[in-house]
Amino acid sequence: MDADALSRLLARCALRDQRAFGELYRLTAPKLFAVALRITRRKAWAEEILQESFVNIWHHAQGYDAAKSAPMTWMTAVVRNRALDWLRRPRESELGEVHEDFLNSVADETPGPDELLRQSADAARLADCMRQLSEEQQRTITLAFYYGLSHGELARKLERPLGTVKTWIRRGLERLRGCLDNTG
C-alpha cells in the first residue's frame, strides 16, 4: 500500500469525500480487520471493531498528521485502541448497569476464570520468550503482529533490506516456537 496514496485519501476524507472513504476502506479494511481479529480472536467482535474504527477514522481524518506517522500506522493504532477498549467492555458492564436478565439470556462468550488464568500464563510465557529474542527480532515481530505492518512496510520503516526483515521475523518466530515448546 502506497503511504502517499493513503495520506491523500485521508485528506479527502477530512473534506467529507465519501468516494475517498470507500476507496480507503477497500484498500485497508482487510489488513485492519486482521489486526482486530488478532487482538480479540473473535470474528464477530473484530467486525464490530472494524466498523467502529472506520467511523472513528471518518470523524477524525482531519486530525491525521502525516508528519507524525504513516497513515497505516495511524489507522492501525485506531483499530488497536478500539479493540483494547472493546476487550475492557465486559468488565465495565459487570459493574451494574446492564440488566441481569438480559445478561442471562445472552450466551456468555467471555472467558471464565480458568481460561483467563491460562491466557495470563500464556501471555507471561510469551513475554519471557520475546525477551530472549534479539532487539531486531522483538521489534519486527511486535510491529508485524501488533501493528499489522507488512514485511515491505517494516523494511521501509526500519530502513533495512526486505530480506533482512523477513529473516528477522522468520528466525524470531522459530525461536519463539522453540521457546514456547520448551516451556509449555
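**Exercise 1.** Which residues does E153 touch, not counting residues up to four places away in sequence?

*Solution.* The structure is a predicted model, in which local features need pLDDT of at least 70, side-chain atom pairs count only at pLDDT 80 or more, and totals for chains, interfaces and linings use all residues. Residues are numbered from 1 along each chain as its sequence is written, and side-chain values use heavy atoms, with hydrogens and water left out.

Step 1. Contact means heavy atoms within 4.5 Å.
Step 2. With residues up to four places away in sequence left out, E153 touches K31, M72 and G148.

**Exercise 2.** Determine whether E153 and Q18 are buried or exposed.

*Solution.* Step 1. Buried means under 20% relative accessible area, exposed over 50%, and partly exposed in between (1.4 Å probe, protein chains only).
Step 2. E153 has a relative accessible area of 12%, so E153 is buried.
Step 3. Q18 has 64% relative accessibility and therefore counts as exposed.

**Exercise 3.** Describe how helix α2 and helix α3 cross.

*Solution.* Step 1. Helices are DSSP runs (H or I, at least four residues), numbered from the N terminus; α2 spans residues 18–40 and α3 residues 43–60.
Step 2. Their axes come within 9 Å and cross at roughly 140°. Axes are lines fitted to C-alpha atoms, for helices over the stretch in contact, and angles run from 0 to 180 degrees between N-to-C directions.
Step 3. That angle makes α2 oblique to α3; angles under 35 degrees count as roughly parallel, over 145 as roughly antiparallel, 65 to 115 as roughly perpendicular and the rest as oblique.

How values were computed
Helices (H or I, at least four residues) and strands (E, at least two) are DSSP runs, numbered from the N terminus.
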